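This report walks through one protein chain, starting from a single residue and its contacts. Please have the sequence and the structure open.

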Amino acid sequence: MMNRRTFLALAGAVGALPTSAWAQDQGSLVDLGAVMSNNITATKVTIWLPPGYQANQRRYGVVYMHDGQNLFLPERSNFNKVWAADKSAVRLIATNKTAPFIIVGIDQPGDDRWRQYFPHVLREMVSPDVREQLDKTARGPVISDQYLRFIVEELKPLIDRTYRTKRNRKHTAIIGSSMGGLISLYAISKYPNVFGCAGAVSTHLPLGNPEWSDAQRTSIFGAWKQYAAQQLGKPKARQIWFDHGTETLDAFYQPYQEVLDAALVENGWRNGRDFSSTVYVGAPHEENAWAARMDDIFGWLLRDWS
């Protein structure tokens with residue numbers, strides 16, 4: 001865990017950073033730079049503060065989002081397209097569909113993204129031949145446990161100390177797409193007292209190359225059933241948003257999502273209350289598609305925030 005001297009130095013530095021010169025009614029971005037960690041390599045973090053943050057003393061719920069490069073600014077994105085998460089938040093807040101909230105964007109680590117976002121526990125639930133292929137994809141040790149410790153033990157305390165946040169689990173969400181959907185599921189199962197809701201967007205439920213053999217696919221189906229029973233367990237006042245499209249990589253996801261949805265229902269999760277599973281017909285696996293349904297994602301997950 002971050003030592004006290006490092007923590008205080010970071011908190012002081014963050015407080016001194018200027019916000020970007022956005023129009024007030026669009027909120028503001030704060031660049032934290034590379035946040036140091038004892039768990040993973042230093043990681044760039046960007047904060048979006050909602051309109052009016054500087055003009056009041058209220059506290060806000062916080063949404064932690066992966067792939068921070070692709071959330072706000074096209075010039076920082078990997079593919080010159082973004083989720084436009086801030087614009088969605090502005091729309092929802094302006095129409096009173098959600099209470100104002102803070103977004104914390106955490107950059108992904110490039111070549112190490114897969115092994116940082118892959119839930120370590122799932123590796124042990126699949127057959128040996130699937131595990132072998134996953135290990136080849138990882139090209140190194142899986143570090144998802146370390147990444148979540150960074151968020152829970154280092155980043156969240158820093159955010160809570162520096163900004164006016166609601167620190168309880170009801171007002172703490174975590175959202176990601178593709179492999180980011182996997183790590184969001186892992187977060188809400190591994191830290192159920194920290195995260196009250198998770199967004200698993202176009203989640204890469206096949207885990208690796210989706211063109212598995214029938215036997216390998218059956219192994220992964222079994223892993224998701226086991227994961228739902230042993231890791232996610234009962235809902236316990238948590239909510240999860242699932243979705244996927246039907247084109248490009250998303251075209252492979254439906255059978256896996258159906259298995260996971262059924263496993264959740266068997267464990268007492270109610271569709272529409274504890275989880276939502278939506279198919280966007282014609283939508284591909286990319287940022288513009290996720291931006292198009294960002295209002296749906298935030299609107300459902302944060303509907304009870306106040």
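## Around Val 104

Val 104 is in contact with Val 45, Thr 46, Ile 47, Val 62, Val 63, Tyr 64, Met 65, Leu 155 and Ile 159, leaving aside its neighbours within four places in sequence. Contact means heavy atoms within 4.5 Å.

The model is predicted: local features need pLDDT of at least 70, side-chain atom pairs count only at pLDDT 80 or more, and totals for chains, interfaces and linings use all residues. Residues are numbered from 1 along each chain as its sequence is written, and side-chain values use heavy atoms, with hydrogens and water left out.

## Nonpolar cores

The largest nonpolar core has 66 residues. Ile 47, Tyr 64, Val 104, Phe 195 and Trp 224 touch the most other members. Helix α6 (residues 144-162) gives the largest share of this core, 8 residues. A second, separate core holds 30 residues, including Trp 48, Tyr 280, Trp 290 and Met 294.

A nonpolar core here is a set of buried Ala, Val, Leu, Ile, Met, Phe, Trp, Tyr and Cys residues joined through side-chain atoms within 4.5 Å. Buried means under 20% relative accessible area, exposed over 50%, and partly exposed in between (1.4 Å probe, protein chains only).

## Overall build

The protein chain has 11 helices and 8 strands. These are DSSP runs, numbered from the N terminus: helices are H or I with at least four residues, strands are E with at least two. The C-alpha atoms fill a box of roughly 55 × 40 × 40 Å along the principal axes. For 306 residues, a compact globule would have a radius of gyration near 19 Å, and the chain agrees because its value is 19 Å. That radius is taken over C-alpha atoms, and the globule rule is 2.2 Å times the number of residues to the power 0.38.

Of the 306 residues, 58% count as buried. Take contacts between residues at least 6 apart in sequence: 76% of them join residues at least 24 apart.

## Surface and charge

The protein chain exposes about 12,600 Å², with 50% of it supplied by carbon and sulfur atoms. Areas come from the Shrake-Rupley method with a 1.4 Å probe; for residues, only the protein chains shown count as cover.

There are 34 positive and 30 negative side chains, and the centres of the two sets lie 9 Å apart. Lys and Arg count as positive, Asp and Glu as negative; His and the chain ends are not counted. Each charge is placed at NZ of Lys, CZ of Arg, CG of Asp or CD of Glu.

## Ser 144 and Gln 116

Ser 144 sits in helix α6. Ser 144 counts as buried because its relative accessibility is 0%. Beyond four places in sequence, Ser 144 touches Arg 115, Gln 116, Tyr 117, Phe 118, Pro 119, His 120, Ile 183 and Tyr 186. Ala 198 is 54 residues from Ser 144 in sequence and 16 Å away in space, C-alpha to C-alpha.

Gln 116 lies in helix α3 (residues 113-117). At 4% relative accessibility, Gln 116 counts as buried. Its contacts beyond four places in sequence are Ile 40, Pro 109, Ile 143, Ser 144, Tyr 147 and Ile 183.

## Positive phi

Most residues other than glycine have a negative phi. Asp 67 is not a glycine, yet has a positive phi of about 50°. Asp 67 is in the loop between β3 (61-65) and α2 (85-94). Asp 67 counts as buried, at 4% relative accessibility.

Asn 96 also has a positive phi, near 60°. Asn 96 is in the loop between α2 and β4 (101-106). Asn 96 counts as exposed, at 70% relative accessibility.
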